[in-house]
Protein chains: 2
Amino acid sequence: MARTILASATKEVVIGFDQPFVMIGERINPTGRKLFSKELKENNYWRVKKEALAQVEAGAQVLDVNVGVPLADEPGIMGEVIPLIQGLTDAPLCIDSSIIEALESGLAAYKGRPLLNSTTAEEEVMERVLPLVKKYDCAVVAISNDDTGISEDPDVRFEVAKRIVNRASDYGIKAEDVVVDPLVMPVGAVNSAGKDVFRLLHRLRNELGVNTTCGASNVAFGLPNRHAINNAFLPMLACAGMTSAIVNPLHEGLVPAVRASDVLNGVDPGCGNWIKNYRPAPAAGEERRGRGGRRGRRRA
Amino acid sequence: MARTILASATKEVVIGFDQPFVMIGERINPTGRKLFSKELKENNYWRVKKEALAQVEAGAQVLDVNVGVPLADEPGIMGEVIPLIQGLTDAPLCIDSSIIEALESGLAAYKGRPLLNSTTAEEEVMERVLPLVKKYDCAVVAISNDDTGISEDPDVRFEVAKRIVNRASDYGIKAEDVVVDPLVMPVGAVNSAGKDVFRLLHRLRNELGVNTTCGASNVAFGLPNRHAINNAFLPMLACAGMTSAIVNPLHEGLVPAVRASDVLNGVDPGCGNWIKNYRPAPAAGEERRGRGGRRGRRRA
């Protein structure tokens with residue numbers, strides 16, 4: 001049973017088949033956001049802090065950190081924001097870059113055990129990323145494409161994932177530290193995209209025994225009422241065996257949908273987390289009678 | 001591949017593995033509704049009509065019809081409301097009663113091929129319901145409990161369902177006309193209730209090859225924020241292989257969740273149904289330019 005252990009200096013989050021689904025907040029990412037990009041370039045990190053706090057407050061257990069801005073000093077920025085975020089929240093982080101120096105700078109600055117995002121099965125990428133994973137003893141996202149690109153055939157994507165897991169093993173990295181992203185196609189373009197991923201998840205779980213993640217929102221690309229598709233997709237992914245996803249926890253309904261899938265998958269013991277989050281507030285009179293003392297009121 | 005064909009006088013709805021998930025509207029049911037019960041007893045059916053139209057408008061493909069009121073003439077009422085509803089909508093109906101005479105009265109009044117709700121594996125019930133199913137050539141809901149009650153063990157419930165399918169076969173009823181209700185326990189009481197049903201659905205689909213249904217809302221009984229659990233449960237059920245459910249289509253978010261599961265299960269070809277239902281309305285100017293003529297406006 002794969003257990004991918006992520007940690008900050010003070011908090012552990014486990015991705016696993018018998019664990020609550022792990023939501024990795026995607027909002028610390030300037031892609032397509034002009035102001036955010038400009039601010040990062042000027043080493044102005046107020047929005048990074050804001051997004052970090054808002055996502056943890058909304059229910060994200062892990063935060064993805066991507067500071068990729070063209071022509072900016074990405075390794076420098078990464079080295080600065082990682083300690084900044086770790087000073088604000090105890091959520092473990094996912095260090096996300098396509099630039100190897102930025103990954104390394106993030107790893108060097110990080111306290112705990114992060115998730116590194118990502119390697120593919122491209123030879124050059126594996127050769128540069130996997131030694132870092134080994135050196136820093138962290139976990140890594142493995143994206144199922146290789147030098148030939150992304151295959152539409154889910155069985156090919158399975159083989160590509162398997163190749164990364166095997167290569168990682170050559171470096172002494174355990175399968176449980178490889179979190180496979182099976183790649184989700186837009187269902188508007190490939191009608192079988194959802195079904196393909198569900199089947200692929202069964203194979204990844206039963207044949208490779210690995211944890212999985214994905215950028216879930218891609219599935220609804222180009223369709224109207226996207227959020228409703230995403231909010232149904234997450235429970236379906238969880239039902240099919242996915243154990244984490246990179247999501248926007250601020251989208252209405254998404255966090256409750258994922259927490260409900262925990263209840264229904266039997267990984268929220270006694271529905272404790274659900275009840276804690278959604279128990280109605282007690283009425284004023286009730287609160288006074290039952291819990292007045294705990295609110296610290298002094299007697300007159 | 002099981003295809004359960006339901007029909008009104010003019011419209012066919014197919015429940016099947018390669019078909020859109022069938023939502024059976026549950027609202028024509030006086031259980032726990034004082035006014036509705038009183039009205040039915042007085043043969044006042046305005047609420048039946050209202051609930052029928054509202055549910056079809058909301059997206060239900062089939063309507064459950066239950067007119068069970070203690071001490072009322074249920075067979076008489078059933079015989080009156082069935083033609084009434086069939087005069088209002090072309091949705092096939094599910095004739096729902098625990099009284100055999102009410103089932104028979106509904107069947108006699110019905111035009112088309114209804115779903116009969118229900119038989120259990122109790123000997124006396126099978127002996128009375130299955131001959132009706134054969135006589136009227138309809139489909140039947142098979143609830144997985146027997147004379148010993150409801151088992152918490154999903155494998156026992158599987159065996160009970162199998163017994164009904166076999167008994168139906170003795171009467172000349174095909175397995176594809178038996179829609180199994182695997183029985184959903186409240187997850188607040190039985191923590192594994194969701195997971196149990198998902199596993200059971202795999203067995204029912206792969207070993208018995210039957211279609212399935214359930215009263216989905218029972219799963220969240222006693223928990224806060226119930227609707228959020230239901231809205232996640234339906235896509236999970238669809239992902240695990242369930243092909244229909246008895247639901248309240250008026251609950252916010254439920255119909256989009258089910259339609260999204262069709263998109264993601266690849267049973268909404270070209271996402272056509274999704275786009276038809278959720279395409280944003282064109283802006284006023286655009287509409288005039290592009291479609292003015294179709295609105296039938298006359299030139300001055």
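Between chain A and chain B of this predicted model, the salt-bridge count is zero. Polar contacts do occur there: six residue pairs, both partners at pLDDT 80 or more. On the side of chain A that touches chain B, 24 residues are nonpolar, eight are polar and three are charged.

The contact draws 35 residues from chain A and 35 residues from chain B. The buried area comes to about 2,700 Å², and carbon and sulfur atoms give 75% of that. In chain A, the residues that lose the most area to chain B are A:Asn191, A:Met236 and A:Leu264; together they make up 25% of what that side buries. Four helices of chain A, α7 (193-208), α8 (226-240), α9 (254-264) and α10 (272-278), each supply at least two residues to this side. The largest share, eight residues, comes from α8(A).

The whole structure holds 26 of them over all chains. In chain A, a network of salt bridges links A:Asp155, A:Arg199, A:Arg203 and A:Glu207.

B:Arg113 pairs with B:Asp137, with the closest N and O atoms 2.9 Å apart. B:Asp137 sits in the loop between α5 (123-136) and β7 (139-143), and B:Arg113 in the loop between α4 (100-109) and β6 (115-119), so the pair ties together parts 24 residues apart in sequence. B:Asp137 is partly exposed at 49% relative accessible area, whereas B:Arg113 is buried at 14%.

B:Arg113 also forms a salt bridge with B:Asp177. B:Asp177 lies in the loop between α6 (154-170) and β8 (178-181), so this pair ties together parts 64 residues apart in sequence. Both B:Arg113 and B:Asp177 are buried.

Key. Residues numbered from 1 in each chain as written. Chains lettered and ligands numbered in written order. Predicted model: local features only at pLDDT ≥ 70, side-chain atom pairs only at ≥ 80, totals over all residues. Heavy atoms only, no water. Contact = heavy atoms within 4.5 Å. Buried area = accessible area lost by both parts, 1.4 Å probe. Salt bridge = Lys/Arg side-chain N within 4 Å of Asp/Glu carboxyl O. Polar contact = N/O pair within 3.5 Å; in protein donor to acceptor, adjacent residues only side chain to side chain. Nonpolar A, V, L, I, M, F, W, Y, C, P; charged D, E, K, R; others polar. Buried < 20%, exposed > 50% of the residue type's maximum accessible area, 1.4 Å probe, protein only.
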